[in-house]
Amino acid sequence: MAWRDMRKKLRHTLADMLEIPGEVALDLPKIVLVGNVQVFIENHRGIVEYTGERVRVTVSYGEVSVRGRELVIRNILPDEICVEGRIEGLDFH
């Protein structure tokens, strides 16, 4: 087992033991989808692409892509992004 895998397993075990939410202990993004009109992405690392049809956001393990129509970034904070529009899908890369 590689050092990275052992470290990840240890963090996961500690988070479970201490009942710490995974997005905090494991630095995972927290994604909240409100119907198909709004998505909140917490713990992001920045925007890679922004068009009316696609918003790509860097997260700790890769990238999250929001697909849709008439997409707009409603709010950008250091750790949270809100995207609104007609959301057709989310992709994880």
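Good morning, colleagues. The model is a predicted one, in which local features need pLDDT of at least 70 and side-chain atom pairs count only at pLDDT 80 or more, whereas totals for chains, interfaces and linings use all residues. Residues are numbered from 1 along each chain as its sequence is written, and side-chain values use heavy atoms, with hydrogens and water left out.

I begin with the helix. Helices and strands here are DSSP runs, numbered from the N terminus; a helix is a run of H or I of at least four residues, and a strand a run of E of at least two. Helix H1 covers residues 3-18, and its end C-alpha atoms lie 22 Å apart, which agrees with the 22 Å that its 16 residues should span at 1.5 Å a residue. The expected span is 1.5 Å times one less than the number of residues. How many of the 16 residues of H1 are buried? The count is one, so H1 is hardly covered. Buried means under 20% relative accessible area, exposed means over 50%, and partly exposed lies in between, with a 1.4 Å probe and protein chains only. Just after H1, Glu19 adopts a positive phi of about 55°.

I turn now to the core. A nonpolar core is a set of buried Ala, Val, Leu, Ile, Met, Phe, Trp, Tyr and Cys residues joined through side-chain atoms within 4.5 Å. The largest one has twelve residues, among them Val39, Ile41, Val57, Leu71, Ile73 and Ile87. Two or more residues come from each of strands S2 (38-42), S4 (54-59), S5 (62-77) and S6 (80-92). Which strand gives the largest share? That is S5, with four residues. One core member, Ile73, touches Ile47, Tyr50, Val55, Ile81, Cys82 and Val83, leaving aside residues up to four places away in sequence. Contact here means heavy atoms within 4.5 Å.

Next, a charged residue. Glu80 is found in strand S6. Glu80 is buried yet has no salt bridge, and the nearest side chain of opposite charge, Lys30, is 8.3 Å away. For charge, Lys and Arg count as positive and Asp and Glu as negative, while His and the chain ends are not counted. What does Glu80 touch, not counting residues up to four places away in sequence? The contacts are Phe40, Ile41, Glu42, His44 and Asn75.

Finally, the salt bridges. A salt bridge is a side-chain nitrogen of Lys or Arg within 4 Å of a carboxyl oxygen of Asp or Glu. The structure holds six of them. In one, the side chains of Asp91 and Arg67 meet at 2.7 Å, N to O. This pair links distant parts of the chain, with Asp91 in strand S6 and Arg67 in strand S5, 24 residues apart. Asp91 is partly exposed at 23% relative accessible area, and Arg67 is partly exposed at 27%.

Glu88 pairs with Arg69, their closest N and O atoms being 3.0 Å apart. Since Glu88 lies in S6 and Arg69 in S5, the pair ties together parts 19 residues apart in sequence.

Arg74 and Glu84 form a further salt bridge, at 2.9 Å from N to O. Arg74 belongs to S5 and Glu84 to S6, so parts ten residues apart in sequence are tied together. Arg74 counts as exposed at 53% relative accessibility, whereas Glu84 counts as partly exposed at 21%. Salt bridges that share partners also join Glu49, Arg56 and Glu63 into one network.
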